[in-house]
Amino acid sequence: MRPITNTDIQIAVCGSAGDGTIATGDILNQAMARAGYRVIAFDVYPAEIRGFGECIACTRITSEQVYSLKQQSDVLVSLNDAHAIAHVPEVRDYGAIIYDDAPITTLKEGAHISGHIKPGQLPYGLPMREISERATSAGKSRNMVALGFVAGLYGLPREAFHQTIAAKFKGKAAAITEGNVRAFDAGYEEGAATFQLDTVRLGAPIESGTGAIVISGNRAIVRGCLDAKVGTFFGYPITPATTILEMLAAQLPRQGGRVLQTEDEIAAIGATIGAGYAGVRAATATSGPGLALMTEMMGLGVMAEVPCVIFVSQRGGPSTGMPTKTEQSDLNLAVYGGSGDAPRIVLAPTNVEGCYKCAGKAFELAEKYQTPVIVLLDLYLSNRLEAVTLPVKSPFAPNLAKGISTRDRAGDYARFALTDDYISPRALPGQEGGIHTVTGLEHTEAGRPKDTPEVHTKMTEKRHKKLASAVRHPELTIAKRFGDAGKVDVGILAWGSTFGEALEAMLEARREGIRCAAMKVVMLSPLPVEVIRSFCDDCREILVPELNYQGQFANLVTAATARAVHRLNRVSGRPMHVEDIVIEIRRLGGGTRQIAAA
Amino acid sequence: MSGTSELPEPVYLEEKLKEIQGTGRLKYRSKALPTWCPGCGYFSMTEGVASAMNKLGIASKDTVIVSGIGCASRFPFFMNAYGFHSLHGRTLPVATGIKLANDRLTVIVVGGDGDGFAIGGGHIPHAARRNVDITYLLFDNGIYGLTKGQVSPTSVLGFKTKTSPYDNRDLPLNPLMMLLSYRASWVGQAYAGHPHHLTDMIAEAIAHRGFSYLHILSPCVTFDKTSMTYQNLGLAVRDLPANHDSSDLMAAMAQAMDPSSPALGVFYQEDRPTLGDAMDETIRAAGGKVQEQAAVA
């Protein structure tokens, strides 16, 4: 066998809620990152807590940076055949399917996965329950037996798994760690003793000791909040943003911050705006339905010029929609939602590291521009796991607020004074010489309610123009181009979680000889129009792939640049397939190749 | 009096002004002139808040007055203090955020019966049970005044308004019973027609550490000529019995049961940890350090 240096293995574990599917995936991710590999992972979990909900934990282990999961896995582990059967076609040819070949009851014909494996796929049956019972005198460690089998079969680093299991169950009874390790080891022995039939190969890791950790998008948001020294956090549980509230409830008090679970989303944003007005860094987190409730208060934040940060993780909509499925259909709500001309800043990170940076930068922007800032994620990015290396020391500015001067204090302080950059000095309650009232009514520079044509025109302009310089905020990537420089045949404009798939697709198309480039747009409002326009000028065709039906980002781009774009829209509730984007690039880029061939 | 021919002592405006200036309460009023209808109970309330702040010696710069939407909207503009004119029904969340951000601030919430018990009804139980250290002055005139006379959650049965032209048939809420059952840690009632008592009650409510709720009865002189008028309210109000025990929740509820004969005074009060105290306890339990909230310079 020729030596393998390049690793690229994707393993999917499929089970029913309660089988320990997600926990298995978690141990696999952490152990492989510990061993020095790149990891990107995504879990699909059901709305049901127990019962018959389908869970899939999917992990891609690589030795080079990748940006998305593959459409087809190399290995499928079935902890529950009834769910896993449907996923057999998602395993590549010569990939492996691992299952329990000693089910607890006699199954009807067609109910066992072994009857569904396609020619070319390679089956490995093992008596998971029996091995678990032998190792731990209980059958419930099937998941660890299966994980051990995978590790043994492919020679994954055993020690890294032992360490990860110990770390995961730290703080619980020692017997729990021991039982899991015994079950893992029993599976490992079984796997190591099995003759490998498939073509899955593990290569060397990139390097060890990079300090990389595997974290989700939501956890990266939390780390960003902690490093930006957020003072108060208010939230109301809603999938897929709940874990942000949960993690901050545990971690923020450790650094002296205050967390409150409010009675609803309106109270959450209301308190966030109250705290922002009083001068501390304040944030809330929600999903689309919660953001819909928050829009009125966001408008108040715009009008009263109060800093606040809102993390939004999108899910399938409208209404209650698909709480555990991903979608990018709240862009319109984030950018335009609410009454009146209400400009705000919207950032949409494209990967887990971006979640950390955008979270911290959101507080800087909110403070500097005295306005609500939305950080827009989606379920796929919130729950996606990536190996990242975060800075040891916080890179975020502790205070960017424009305070009041001695001159402000001495004279008639005007809270909304018109200045060169349209940002007014802001006094905080408790400050001498800064007394003022903020209001949701249109108001004068002094803050007095007034609705004359002159005042409304001038102040509306102020609220818009003050945001113009946000696109030049230091150390914030608002948009970035990848791929071929100069003129290209196909340019992909993408945002949010879908950018990973867009980038993979662009790289694949380049390997096929198509001249193409991809641009990620992180700042959706104010939109960096100049950068986008100059990218568009370089592209013969522009493709905008996104996870919504209406083409909400495509509409934004077309409105800003007057450039017609090709749209690729999917509303399957799943991340976009790289192959779907590649097909579009081939179609759009085909013209010149044919000319070249002729 | 000895003779009917004797005239009362004249009151000279100049002297009266000097007397008012001498009290020092005017420094808590802004230069903006109130926009309420002449005779409105909000004038009593404005004077009451200024006098209470003066009495307690609270610094203007350390006070935030939060209003929602309704005739109370503009209250903060008439006071010399920090003000936040927020959204309809959302005063309590905003005030909670302000207080949690800076414990040193005195936070006073003003609002009407529509703002508090219709659109904002969902927030009251939670501000009360969490014992947020703020003062809620609820001005109840049983009608929507700013939108020119519609039925409210505290309008009496049979009250004709523009939106109940064939009589109001919705049973009115009993706000005091609600607040008592939500365990507000200070519950009192006052009447705009008794301004001195109102001032004392506002001062007590502000001085209370925890969530204080003062229900202020007042007529709407413009849109209600039949129901909660000065005449009707003046005849209906009574003092709480001299032997009322304000630490007895059941006794407080018994006094609150009959809204047709509203009692004035402190119904209930208790000392218990505030939301800020609870948050600090959480921080200590997590091994964090409670941040000293220094005065902002």
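Here are legends for close-up views of a predicted model. Residues are numbered from 1 along each chain as its sequence is written, and chains are lettered from A in the order in which they are written. Local features need pLDDT of at least 70 and side-chain atom pairs pLDDT 80 or more, while totals for chains, interfaces and linings use all residues.

**View 1. The largest nonpolar core.** This core holds 258 residues; such a core is a set of buried Ala, Val, Leu, Ile, Met, Phe, Trp, Tyr and Cys residues joined through C-beta atoms within 7 Å. Buried means that 20 or more other C-beta atoms, placed from the backbone, lie within 10 Å of the residue's own. Among the members that touch the most others are A:Phe311, A:Leu524 and B:Ile98.

**View 2. Around B:Leu137.** Leaving aside residues up to four places away in sequence, B:Leu137 touches B:Met45, B:Ile108, B:Val109, B:Val110, B:Ile202, B:Leu214 and B:Ile216. Contact here means C-beta atoms, placed from the backbone, within 7 Å.

**View 3. Helix α12 of chain A.** Residues 352–369 form this helix, a DSSP run of H or I with at least four residues, numbered from the N terminus. Helix α12 of chain A gives the core its largest share, ten residues, and 17 of its 18 residues are buried. After the helix comes A:Gln370, with a positive phi near 50 degrees.

**View 4. Domains 1 and 3 of chain A.** Domain 1 covers 8–209 and domain 3 covers 479–597, with bounds from an automatic or database domain assignment. Their centres, taken over C-alpha atoms, are 35 Å apart. Five residues of domain 1 contact eight of domain 3.

Definitions and conventions
Buried ≥ 20, exposed ≤ 12 C-beta atoms within 10 Å, placed from the backbone. Helix = DSSP H or I, 4+ residues; strand = E, 2+ residues; numbered from the N terminus. Contact = placed C-beta atoms within 7 Å.
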